[in-house]
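Let's take a walk through this protein together, one spot at a time. Have a look at the model first, and then we'll start with a single contact.

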Amino acid sequence: MANEVFISYSRKDYEKVKAVKDEIDRLVGIDCWMDLNGIESGDWFKKVIISAINRHKTLLFMLTPQSMNSPFAMKELGFAASKGKRIVLVDLEHTQMNDDFLFDYSDKDIIHWNNQLEHDKLINNLKAWFGDKSELDKKKNKYPFLFSEKTSRTIHVFFLVDSSGSMMGRRIDEVNKACSEVLSSFDIINPDIDIKVNVLIFGTSVEWMCPVPVPIDEFIWSPIESGGLTSFGEACSELNLKMSNQGFFSSGQGIMKSLIVLLTDGEPTDSYEAPLKRLLQNPYFHNSNRFAIGIGSDYNRSILRAFAGEKKVFEFSEDEDNSSMKPMLERIMQIGLYAASYAALDEQSEY
């Protein structure tokens, strides 16, 4: 839940920290933010962490020998302190704090999690700061969830973005602006469903914006730069590879119809026929909800029809009367996610 609690910890303490998070979530009725992907490198990960700390009012630092020796956990703690966040040190192991740590953080509240009185103090403080949402949710008698936690479902949203030289200027600027705004403000239409997002960028080379698909409420769009060729065939091969049980769908359970959006303004510069054919034969891709946006007037409409189907190809003409791509993307997201969410009620929609 935004603007509440960020948990900072060492990856080596994952199991014990996850148990603490689950207990706080249950007793207080909030959803503490905790990195679950385990990727502590790269500009993408740094942006995710910075955004998450900025969104949350309180940071719980899970104090262990491992976290005090974790450069990344200490950076999170230091950044939160510099932003004036409320910081609580949650000691999980009767940790002996070194002098450097004491010098910087001896003024912060320390909770010994395994001491029942201090444990209860933290829970009561969190309830006082944010409200006892565990009780509020009961009183609201909200509509029931259709799926239990054991049968949670995931919709993957994949954007395929042409970053070739012909996209330079207003075209790539409009894509960056529209996609960033739509994803950052999108209203979840079904709380039973987890929505994860990733972006496949294809120019001279092909790369994913994020190492793994990211929950939509944590996703940060990194501006795409244009230049080079249009390796559409390579993009088809990469998407085919990742839309598999050996790729992004390795869990093998709860995978629903994906939503895939292709944005391009020109012709492929590589051999694409065979890779596109193989992609169309991929059952995950074949059963997905696919859309394509042709930008300008020089895109190959027959390729977009083969990719998405005749009725799901749209044109962004760049006319003054059609100056924003955002409404088009919002509509595509609403249609595609509603269709996939509704399909979850059909037992035959599962893979």
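Start with a polar contact of 2.8 Å that joins the side chains of Thr264 and Asp162. A polar contact here is a pair of N or O atoms within 3.5 Å; within protein, one must be able to donate a hydrogen and the other to accept it, and residues adjacent in sequence count only if both atoms are side-chain atoms. Before going on, keep in mind that this is a predicted model, where local features need pLDDT of at least 70 and side-chain atom pairs count only at pLDDT 80 or more, while totals for chains, interfaces and linings use all residues. Residues are numbered from 1 along each chain as its sequence is written, and side-chain values use heavy atoms, with hydrogens and water left out.

So where does Thr264 sit? You'll find Thr264 in strand S9, which covers residues 259-264. Helices (H or I, at least four residues) and strands (E, at least two) are DSSP runs, numbered from the N terminus. Thr264 has 5% relative accessibility, so it counts as buried. Buried means under 20% relative accessible area, exposed over 50%, and partly exposed in between (1.4 Å probe, protein chains only). Leaving aside residues up to four places away in sequence, Thr264 touches Asp162, Phe202, Ile293, Gly294, Ile295, Tyr299 and Leu304; contact means heavy atoms within 4.5 Å.

Ile295 turns up again in the next stop, Met325, which touches Glu174, Val175, Ala178, Leu263, Ile295 and Phe316, again not counting residues up to four places away in sequence. Met325 belongs to the loop between strand S11 (313-316) and helix H13 (326-343). Because its relative accessibility is 0%, Met325 counts as buried.

With 66% relative accessibility, His94 counts as exposed. Its phi is near 50°, a positive value in a residue other than glycine.

Now for some helix pairs. The axes of H9 (residues 232-242) and H10 (residues 273-281) come within 8 Å and cross at roughly 25°. Axes are lines fitted to C-alpha atoms, for helices over the stretch in contact, and angles run from 0 to 180 degrees between N-to-C directions. H9 and H10 are therefore roughly parallel to each other. Angles under 35 degrees count as roughly parallel, over 145 as roughly antiparallel, 65 to 115 as roughly perpendicular and the rest as oblique. On the H9 side, the contact is made by Phe232, Gly233, Cys236, Ser237, Leu239 and Asn240, and on the H10 side by Pro275, Leu276, Arg278 and Leu279.

The other pair is H1 (residues 14-28) and H6 (residues 116-130), which pack at an angle of about 55° with their axes 10 Å apart. That angle is why H1 and H6 are oblique to each other. Here Glu23, Ile24, Leu27 and Val28 of H1 meet His119, Leu122, Ile123, Leu126 and Lys127 of H6.

Finally, step back to the whole protein. It has 13 helices and eleven strands, and 49% of its 351 residues count as buried. Among contacts between residues at least 6 apart in sequence, 73% join residues at least 24 apart.
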